[in-house]
Amino acid sequence: YFDEYAPTGRIYLQLAEKVEGKAKRERGPKYSEGWVEFKSKRDAKLIAKQLNNQQVGGRRRTPWYEDIWNIK
């Protein structure tokens with residue numbers, strides 16, 4: 001997703017701790033947070049300014065529709 005804005009370097013995703021007692025079966029791994037490193041510091045600052053506090057999901061039916069980017 002971030003490659004369309006600028007060339008990226010490393011990407012790190014932190015796995016979320018499992019929550020017991022969930023009745024609903026979930027697919028795939030869940031992540032609590034992540035980091036993206038850009039090759040250019042100037043591009044990273046510009047992208048952070050543009051995407052901070054913006055909605056992640058585009059359509060209403062996506063599970064990420066209500067989520068908001070928190071970019072530093």
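I would like to start with the aromatic residues, where ring pairs link Tyr1, Phe2, Tyr5, Phe38 and Trp69 into a cluster. Please keep in mind throughout that this is a predicted model, and that a search of the whole structure finds six aromatic pairs.

Let me take one of those pairs in detail: the rings of Tyr1 and Trp69 have their centres 5.8 Å apart and their planes at 25 degrees, and because planes under 30 degrees apart count as stacked, this pair is described as stacked. Tyr1 sits in the segment before E1, while Trp69 belongs to the segment after helix H1, which covers 41–51, so the pair ties together parts that are 68 residues apart in sequence.

A second pair is formed by Tyr12 and Trp35, whose ring centres are 5.1 Å apart and whose planes lie at 35 degrees, so here the pair is tilted. This pair, too, links distant parts of the chain, with Tyr12 in strand E1 and Trp35 in strand E2, residues 31–38, at a separation of 23 residues. Tyr12 counts as partly exposed at 43% relative accessibility, and Trp35, with a value of 43%, is likewise partly exposed.

Finally, I turn to Thr8, which is found in strand E1, residues 8–15. Is Thr8 buried or exposed? Its relative accessibility is 15%, and since buried means under 20%, Thr8 counts as buried. The side chain of Thr8 makes a polar contact with the side chain of Asp3, at 2.7 Å. Leaving aside residues up to four places away in sequence, Thr8 touches Phe2, Asp3, Val36, Glu37, Phe38 and Lys39.

Notes: Residues are numbered from 1 along each chain as its sequence is written. This is a predicted model: local features need pLDDT of at least 70, side-chain atom pairs count only at pLDDT 80 or more; totals for chains, interfaces and linings use all residues. Side-chain values use heavy atoms; hydrogens and water are left out. Helices (H or I, at least four residues) and strands (E, at least two) are DSSP runs, numbered from the N terminus. Buried means under 20% relative accessible area, exposed over 50%, partly exposed in between (1.4 Å probe, protein chains only). A polar contact is a pair of N or O atoms within 3.5 Å; within protein, one must be able to donate a hydrogen and the other to accept it, and residues adjacent in sequence count only if both atoms are side-chain atoms. Contact means heavy atoms within 4.5 Å. Rings of Phe, Tyr and Trp (its six-membered ring) pair if their centres lie within 6.5 Å; planes under 30 degrees apart count as stacked, over 60 as edge-to-face and the rest as tilted.
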